[in-house]
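Keep the structure open as you read, and turn to each part as it comes up.

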Amino acid sequence: MKYPYFPGCTLYTKAKKLDDAGRECSRRLGFELDELPDWTCCGATFPLVNDYHIAMSGPTRILADTKDQGGNKLVTLCSVCFNVLKRTNHVMRTDEERRAKITDFIERDYHGETEVMHYLQVLRDDIGFDQLKEKVVKPLEGLKVACYYGCLLLRPVKEIGLDVMENPTIFEDFVRALGAEPVEFPFKIECCGAFQTVHSMEVATRCSRDILNSAKNNGADVVITTCPLCQFNLDDRQPEIQKSDANFTTIPVVYFTQLLALALGISPADLGFERNLVDPLPVLQAKGAISD
Amino acid sequence: MKKLGVFVCWCGSNIASSVDVEQVVVQAAKLDGVVHAEHYMYMCSDPGQQKVKDAIKEKGLDGVVVACCSPRMHENTFRKAAGLVGLNPFLLEIANIREQCSWVHANNKPVATAKAVSIIEATLDKVKQNLPLETITIPLNKRVCVVGGGIAGIMSALDLADAGYEVVIIEKEPAIGGHVAQISTTFPYFQKLPELLQKKIDEVNAHPRITVYLSSEVDELEGYVGNFKVTIRTRPAFVDHDKCTGCGKCFEVCPVSVPDEFNRGLSQRGAIFRYNQGSEHQLPIINRDDCLHFSDGEQENGEKCQLCVDACAEQAIDLGAIRSLQEELVGAIVMATGYDVYSPANLPEYGGGRLPDVIDGLAFERLLDPKGPTGGRIVRPSDGRVPKSVVFIQCAGSRDPERHKAYCSRACCMYTAKQARLYKRQVDDGTAYISYMDIRSDSRDFEEFVQQGMEEENLVYIRGRVAKVFPEGDVLKVFTADTLSGRQLEIEADLVVLAMAMEPKSGVRELAKKMNVTIDGDGFLSETHIKLYPVESSTKGVYLAGCGQSPKDITDTVSQALATSGKIQTMFSNETLIADPLIAEVKEDVCSGCGICIDICPYGARIMDDFKRISMVNQAVCQGCGACIAACPNKACELINSTSRQFIRMVDDFSHKAQMA
């Protein structure tokens, strides 16, 4: 099974480990991520202003390329790309006037034929978590995982439709398939502070602190995420949090594909853990997810 | 040859300013058969009607055309007047020269005048072929079926029974009383509801003219206004209530333990149970779905569970009982189907359905009931601790068009204020927070009731919507905002009470279909007209009361229930029902019995006569809409006094004039 794949900018730079692990795991799970040629940035934020069409031309071109390449499903790993592409596609499918305006401008014939899928969705709907469980060679038994969804993977639910908005479970089901134990924590769908990190870092710091504390208080060993920006805030803000709160203990924040890779038996040396600010290796070793 | 009269109305200047009424009278007088023609400023006025009556008497008219406004305005007025002087009312027709002539040709008097004459000529030709008709009388069965034994059904039934009519109540649950039986106290006067209600229930049970079907539902409905046949499906209680002494031994032996619906899951019950555990008046019943005897679970010895049967000294339990079907013939129906509480599980952000100390308003009522699961003590379901901080969240699931219900559930502002005040009276060192969007306290003494709570009982009202409720340690954290001061708030609560939206009772959609009653987009039963016909459904003879029609409090529910009773008594004040004879008619020798009209009739008025093999018209149900006439491939049906022959003649009149012009 071959899926057209849109990595997005961050997965070529800061979030390389999300991408590497995702591609390697797909090979082991028997599907191929076929990177779109000549892809451009998705735009990184979905234009919320009604008449702001130009920002949707980029993602529309990506969607039309997918269709021309002969694939009907486009897979993404990054929550932001997923959100922008999926919502743009929703406009293509439901708003004839805006679709005509945008496709006329980019001179493409596109009506929303592409199905935008998140990697997690491929695992759930196409592979199946039961099948995934069978492919796991190293069950992550005893590892307590806080599944952090963030905002963009789920909202707005009518356009995204990946899972219920207020109490999603897809991530927990995924973690169970890997043999690990998901912990229920009330901040799993709170905002991490997102782009506030650029100009009001204290906001992102506060948001991240509350999320991480909630995860730890509920017994988590590690936090997983699908979003490069969430990962950045939750991981890189921890020294800042420690400055204002001496009692704060750190907790590693890794991509879900990194955990998946471990469970599929991929060597931790290939997973870029050294790029994490809070080193996940001690906890993973202590819990037996990595043998020395 | 008929002697026809024409009466042309000025309608003040409405008609006379653009139609030359004198010229119209001159022209009309020349038309075939016309022996009298006159005009008058307001023909619908008393002197105007007198002119019509006088001319009928003096000239012996046997056909009349009044040229005036739309027949919807004054057709009845003039037909009544004609009837008083002995002319069959159906020999009088209206020629509409206002809406269809003077108003549309206001600036062209010659055209308007010529058109008025044409309309009158065509109407005269129709009158010539009109038949004198008599109104149809329909037999009237003066019995009433009330669907739903909540407070609406009870009050409606008692009023009708007291007026002398037999009433049948169909109640889905094993006891009447509805949700009111679960509520502790009224607002705004803090009266004890269980006592008030029990009095009414006793009256129902003692009433010689009321029959109650418990654990029952409407299986089928046939017939029409005055003549309904209701088939009632009753689930067995499996306990013979004539033998049962209510000793309670069966409760002790039943191995099943499931959440008690009546107590909103705050206590457990067996498969054999009292529907309302706090009511000593009720006798046990068995819920088939919960009972081990009926599930495939067998005991070790290979036999099915019948511990209760063995325990019963009176041998009152019969596990072989089956459901029964009974028929009742009635003339009117009251739909008092009530509401369900929108499930808190729909609000996962508040932990609804997941966190034990997040409960709905009705569950809080159970905590307040002295005969409820906690003996009337307000305690946390999780650990039985007295909550020192309670957050009440209003509009939970209401007024949220994007995700939940768009409408306001109307009773919540008031019952929340009542619950918070009762909480403060019981836990005087506790704090009651109320999260609200607006406070809707728009009835007598309601506003004062809320104000008193704020000022004298220190209820903390916070305007804003709660974002999130989650457990932290053994308390609940509530994230909200005070939008009046613009601050974000975090409240530590021991208990959270959700004032959940009301939604139509489950199964009402199917029931409405059986009754041919329309429902609105939210599933509530629709009245015919919100202002003028507020308790009439779209089906004649079916009336609406209570929360099945829209969310409301007990006061409004009872008012509406008594209104249905009044409407039905008005109908029952006649010995028979009268229907308009302007309905469809079948030419029996032309009808081939194809049945197309039966499918097309929106009122279910066309029926196949199995003996004659032709389609007949149910005169009581037909509304004269004409759908079957258009659909009939053989032209076997006609609308009485609006036959195709009459209409073609009228069209001929117009086209003839057009050719001449």
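Predicted model: local features only at pLDDT ≥ 70, side-chain atom pairs only at ≥ 80, totals over all residues.

Strands of a sheet pair through backbone hydrogen bonds, in either a parallel or an antiparallel way.

Both strands belong to an open sheet of five strands in chain B, with parallel pairing and the order β8-β7-β6-β16-β27. Its edge strands are β8 (210-213) and β27 (542-544) of chain B, each of which pairs on one side only. From one strand to the next, the twist averages 20°.

Which part of chain B holds B:Pro188? It is the loop between β7 and α8 (193-206) of chain B. The peptide bond that leads from B:Phe187 into B:Pro188 is cis, with omega near 0°. B:Phe190 is placed in the loop between β7 and α8 of chain B as well, and has a positive phi of about 50° although it is not a glycine. With 14 other C-beta atoms within 10 Å, B:Phe190 is partly exposed.

Another non-glycine residue with a positive phi is B:Asp445, at about 65°. B:Asp445 sits in the loop between β20 (431-436) and α13 (446-456) of chain B. Is B:Asp445 buried or exposed? It has 12 C-beta neighbours inside 10 Å, so B:Asp445 counts as exposed.

Chain A has a cis peptide bond too, joining A:Arg155 and A:Pro156 with omega of about -5°. The place of A:Pro156 is in the loop between β5 (144-147) and α7 (157-160) of chain A.

| Site | Angle |
|---|---|
| B:Phe187 to B:Pro188 | omega near 0° |
| A:Arg155 to A:Pro156 | omega about -5° |
| B:Phe190 | phi about 50° |
| B:Asp445 | phi about 65° |

**The domains of chain B**

Chain B is divided into domain 1 (4-133), domain 2 (143-227 + 325-338 + 529-572), domain 3 (236-321), domain 4 (340-503) and domain 5 (580-640). How far apart are the C-alpha centres of domain 2 and domain 5 of chain B? They lie 35 Å apart.

One residue to look at in this chain is B:Glu121, found in helix α6 (residues 109-129) of chain B. B:Glu121 counts as buried because it has 22 C-beta neighbours inside 10 Å. Leaving aside residues up to four places away in sequence, B:Glu121 touches B:Leu31 and B:Asp653. Between the C-alpha atoms of B:Glu121 and B:Tyr339, which are 218 residues apart along the chain, the separation is 57 Å.

**Chain A as a whole**

Now over to chain A, whose secondary structure comes to 14 helices and eight strands. For its 292 residues, a compact globule would have a radius of gyration near 19 Å, and chain A agrees with this at 19 Å. The C-alpha trace spans about 55 × 45 × 30 Å along its principal axes. Of the residues in chain A, 48% count as buried. Looking at contacts in chain A with a separation of 6 or more, 77% are between residues 24 or more positions apart.

Chain A has an open sheet of four strands with parallel pairing, in the order β2-β1-β3-β4. Here the edge strands are β2 (32-35) and β4 (115-118) of chain A, each pairing on one side only. The twist averages 45° from one strand to the next. Strand β1 (residues 2-6) of chain A runs parallel to β2(A) and is joined to it by four bridges, with A:Tyr3 standing opposite A:Leu33 in β2(A). Lying across β1, β3 (73-76) and β4 of chain A is helix α5 (residues 119-127), which runs at about 95° to β4(A).

**The nonpolar cores**

The largest nonpolar core has 91 residues, and those with the most contacts inside it are A:Leu85, A:Val145, A:Val223 and A:Ile224. Helix α3 (residues 79-94) of chain A gives the largest share of this core, seven residues. Why does this core lie between domain 1 (2-119) and domain 2 (128-286) of chain A? Because both domains give residues to it.

Not counting residues up to four places away in sequence, the residues touched by A:Ile224 include A:Val145, A:Cys147 and A:Phe256. Apart from this core lies another, of 75 residues, among them B:Ile210, B:Ile272, B:Ala336 and B:Phe572.

Note on methods. Residues numbered from 1 in each chain as written. Chains lettered and ligands numbered in written order. Helix = DSSP H or I, 4+ residues; strand = E, 2+ residues; numbered from the N terminus. Rg over C-alpha atoms; globule rule 2.2 N^0.38 Å. Buried ≥ 20, exposed ≤ 12 C-beta atoms within 10 Å, placed from the backbone. Contact = placed C-beta atoms within 7 Å. Pairing = 2+ DSSP bridges. Axes fitted to C-alpha atoms, helices over the stretch in contact; angles between N-to-C directions. Core = buried A, V, L, I, M, F, W, Y, C linked by C-beta atoms within 7 Å. Domains from an automatic or database assignment.
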